[in-house]
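Work through the exercises below with the sequence and the three-dimensional model side by side, trying each task before reading its solution.

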Amino acid sequence: MDRTDPRQGLPTDDRAWLLDTCAAITDQPVDADANLFEQGLTSLGVVRLSGAIQRRHGLRLGAVDLHDHPTVTQLSALIEERKESGV
């Protein structure tokens, strides 16, 4: 069973985790297609989100990665790309 929506990047359960994690960090619901920084993500939140992604996916994403991929949809696609490439 394929649980991946190719337009969204990660499998749906991982994408849901990312949405929930961002909501917990910003302390408010987030829109997957809206800029996380405009939804309350702070520099401390970037550090927390990066750490959470590293623990769950084993990937190190820096602040530049999050600034260059500022929505959950874009970040999800980046995580999936990095997982597939092994970077």
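**Exercise 1.** Determine how many residues the largest nonpolar core has and which elements give two or more residues to this core.

*Solution.* A nonpolar core is a set of buried Ala, Val, Leu, Ile, Met, Phe, Trp, Tyr and Cys residues joined through side-chain atoms within 4.5 Å, where buried means under 20% relative accessible area and exposed over 50%, with a 1.4 Å probe and protein chains only. The largest such core has 19 residues, and those with the most contacts inside it are Leu18, Leu49, Ile53 and Leu75. Two or more residues come from each of α1, α2 and α4, helices being DSSP runs of H or I with at least four residues, numbered from the N terminus. The model is predicted, so that local features need pLDDT of at least 70 and side-chain atom pairs pLDDT 80 or more, while totals for chains, interfaces and linings use all residues. Residues are numbered from 1 along each chain as its sequence is written, and side-chain values use heavy atoms, without hydrogens and water.

**Exercise 2.** Find which helices the buried residues of α1 pack against, and which exposed residues lie on the face turned away.

*Solution.* The buried residues of α1 are Asp14, Arg15, Trp17, Leu18, Thr21, Cys22, Ile25 and Thr26. Because they cover an arc of only 155 degrees around the axis, they lie on the same side of α1, the arc being that of the directions from the helix axis to the C-beta atoms. They pack against α2 (43-57) and α4 (72-85), contact meaning heavy atoms within 4.5 Å. The face turned away carries the exposed residues Asp20 and Ala24.
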